[in-house]
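Please read the report below alongside the sequence and the model. It takes up strand pairing and then a few side-chain contacts.

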Amino acid sequence: MGILKSIRYWRRWKADLSTSSAADIPVRLPVRRAVVVESAGRPKWLIFDCPCDRGHRVMLNLDRGNRPLWRIADRYPLTLYPSVDERSSVGHCHYVVRDGYVRWIERTDHR
Ligand SMILES: [Zn+2]
C-alpha cells in the first residue's frame, strides 16, 4: 500500500474492534474506531466516540429485535445505515457515515 493510500485509509472510520462485554470498552476509544459488542456471535451494539469530538459516546442498536435499528454495510471502512441522529447534553449531532467518512447533516455547538 502506498503512503498516500495508507494515509487516506487511516483517516477513515473503522468498526474493526469487537468485544462480548461493553464493560471492556475503554473510556476513550482510539480515533475513528468503533467497537461492535457481540453476544453469541451476533452484533448487539455499535459503540464509538462521536466525531463532533465533544467527548460523548454514541451507542447504536444492531439487534434486529430492537428499535431503532442500525445496519453496518461495511466495517472496514465503516458504512452505516441510516444516519446517526443524537441529541445529548452537548447538543445535536446528525451525520451519515459512508465509506469511512462522516458527512454532517446538522451540528449544534450549543450547550
Ligand atoms: Zn456529537
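## A pair of strands

Strand β7 pairs with strand β8, residues 91-98, in the antiparallel sense over five bridges; strands here are DSSP runs of E of at least two residues, numbered from the N terminus, and two of them pair if DSSP finds at least two bridges between them. Ser88 has Gly91 in β8 as its bridge partner.

This is a predicted model, in which local features need pLDDT of at least 70 and side-chain atom pairs count only at pLDDT 80 or more, while totals for chains, interfaces and linings use all residues. Residues are numbered from 1 along each chain as its sequence is written, and side-chain values use heavy atoms, with hydrogens and water left out.

## The open sheet

Three strands, in the order β7-β8-β9, make up an open sheet with antiparallel pairing. Because β7 (84-88) and β9 (101-107) stand at the edges and each has a single partner strand, one side of each is left without a neighbour in the sheet.

## Aromatic rings

The structure holds two aromatic pairs, counted where ring centres of Phe, Tyr or Trp (its six-membered ring) lie within 6.5 Å, with planes under 30 degrees apart called stacked, over 60 edge-to-face and the rest tilted. The ring centres of Trp13 and Phe48 are 5.5 Å apart and their planes stand at 70 degrees, so this pair is edge-to-face. Since Trp13 lies in the loop between α1 (3-10) and β1 (14-19) and Phe48 in strand β3 (residues 42-49), the pair ties together parts that are 35 residues apart in sequence.

Terms used
Helices (H or I, at least four residues) and strands (E, at least two) are DSSP runs, numbered from the N terminus.
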